[in-house]
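Trainee: Could you take me through one part of this structure closely? I would like to see how a single residue sits among its neighbours.

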Amino acid sequence: MSKPKDKDGKNTGTTRRDFLRKAGYAGAAALAGSATLMANTDNPDSQATWAEWFQGNYRLMTDQEKKEAIERLEKRYSAQYGKKVTVDDAPAIDGVLFGYALNIQKCIGCRRCVKACVKENNQSRTNTEIEWIRVIRMEKGQFSLEDMDKGYPAEAGFDHGVQVGGNAYKPAGVVLEGQHYYQPKKVPEKDAFYFPIACMQCEKPPCVKVCPVRTTYRDPDGIVVIDYNWCIGCRMCIGACPYWARRFNWGEPNLPKEEMNPKTHYLGNRPRMKGVAEKCTFCIQRSRRGRYTACVEVCPVGARKFGNLLDPESEVRRILARKRVFRLKADLNTYPKFFYFID
Amino acid sequence: MKTIRYASVVFSTAVFLIMSAGAVYADNTDTRKVIECYESRQEGSPVTRRDIEPGWPNVKCSSTSEGVLWWGDPFDGTIPMGDMPIEADYSRGEAVVRPRIPYIDRNKLYTICTEACHNGQYVPVPESKKPRLLKMHKDIVPNSLDLQHGRGGIWCLDCHNAENRATLVDNFGGEISFNQPQKLCGKCHGPIYRDWRDGIHGKRIGMWDKAGKKRWWVCTECHNPHDVQQGDRNSGFAQLPPEMAPELPKGMPNVDHERLEHGAGH
């Protein structure tokens, strides 16, 4: 639902989703009244809400408009979370294309990256818990003599004559056998390996292609970002993503004050609202200020590497040059900027 | 009448569910503030949480695994890495490390024992590097004739300096500080050492730009030099407790559902 245009293609109004809903309840006249009230109130929350109805797509906003939007948000969040919250709008750095490399051989499945990401990026903690990284446990396959005569499908009953010769296989960890909810006392477990996935920051991102309001787009440093304010919650991007990277705020996000990270970016970890999509942004609030992402820093085995793909001496480039590297679902021609490698 | 009773059952179930859900979730929101946690090696890389500014801690610790989850200041408690013999990244960017000596000295082993015990008189300097059964240090190496590093090929004094126990030893008998174990390990693990210098093996935190300041993890922050085999696991890295699994999706009754209902080989 983008803003309706008049005959000349200019924006005519303010029909954000909330606006429509409220208009439906209250009727236009009553709304005009309450709107005036809200615009005049001291409450930073309603001030911001009101202004946001008129706010343009982030990419089309002038510098002045961006500045105002950010001031509004800083005021609102600071009041809401009871501490000084900053909202950064740092643009992409010239000559930088971010890339990521993950050593799949070293990953032990401890999920510290998952939780570090949540701490850094202000995801909803509970009642829809949102996590941007998923670690999938894969079973190491094996072949055994006892399974020699076990057919596939095993108990179907009608597979006589289908199975020819020996089978003898146990899950080989290559198809749909990933497990998300493993909870052993210690990791890594014997006979398992682990496969973390998150947004791949594709060069040709399917999520961007399908977004009807163009609120998600790819910045020059390769980060696929979302202007939450323009997200209409249609969830097309979630369906389009082949990597299961996007999450949806089905309810009002649940972010305790004391847990909130006050250093935020407009396109990154600022608090989200109900009904918008979100995903990994390579910690845009950190990376555009030169800092490693939270997941890179926390990985106890040092499996995660991050840097500038345009710098031949960066860690990621050295890995591309020296190690055996692959990208997930390369056949889809999404050209991820996230690489997996082994020693 | 029936509907009302039904509704109240639904209501109380809902309340119960919400309450029990709250209890489960509480674990995830770090209500239990953990102050002492570890970085990579569970025994061997301790760190204490404290506020460096009001409301801004040096680290945040996990209440599940007691591992560090987040660095408020990646350079907290670090010192310059010091000279390295081979030209690499650290000659350009600012490289810092967390010193190992404070950890090794946690029981005053470093300050007292290197002076009072290994002073050449109380414990004489060993005449040869031939492995022998040691009565001391069983907490560190339970059986000195079965050192879990090198599969019988190396001895304490390939790493520790016979002349000066406050240091490690290089290939020429020279001293290496405990704060720079990479120089020691690099003697025997050339390819890994090369990867480490280039930032591929091990890890760095701080600034990603090549000229930016970085904290480098030294080898012993991840590997216990006296046990790089970990029994049958044959791994240089000890197992760790994992963080909590994600919430189960609605309608999925238990963790084994995936496996039992949609089975292996599905």
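Which residues does Ser40(B) touch, not counting residues up to four places away in sequence?

Mentor: Happy to. This is a predicted model, where local features need pLDDT of at least 70, side-chain atom pairs count only at pLDDT 80 or more, and totals for chains, interfaces and linings use all residues. Residues are numbered from 1 along each chain as its sequence is written, chains are lettered from A and ligands numbered from 1 in the order in which they are written, and side-chain values use heavy atoms, leaving out hydrogens and water.

Leaving aside residues up to four places away in sequence, Ser40(B) touches Pro300(A), Ser45(B), Trp217(B), Glu221(B), Cys222(B), Phe237(B) and Leu240(B); contact means heavy atoms within 4.5 Å. Ser40(B) lies in the loop between strand 1 (36-38) and strand 2 (46-48) of chain B. Helices (H or I, at least four residues) and strands (E, at least two) are DSSP runs, numbered from the N terminus.

Now for strand 12 of chain B. Strand 12 (residues 214-216) runs parallel to strand 8 (residues 95-97) of chain B, and two bridges join them; strands pair if DSSP finds at least two bridges between them. Opposite Arg215(B) in strand 12 stands Val96(B).
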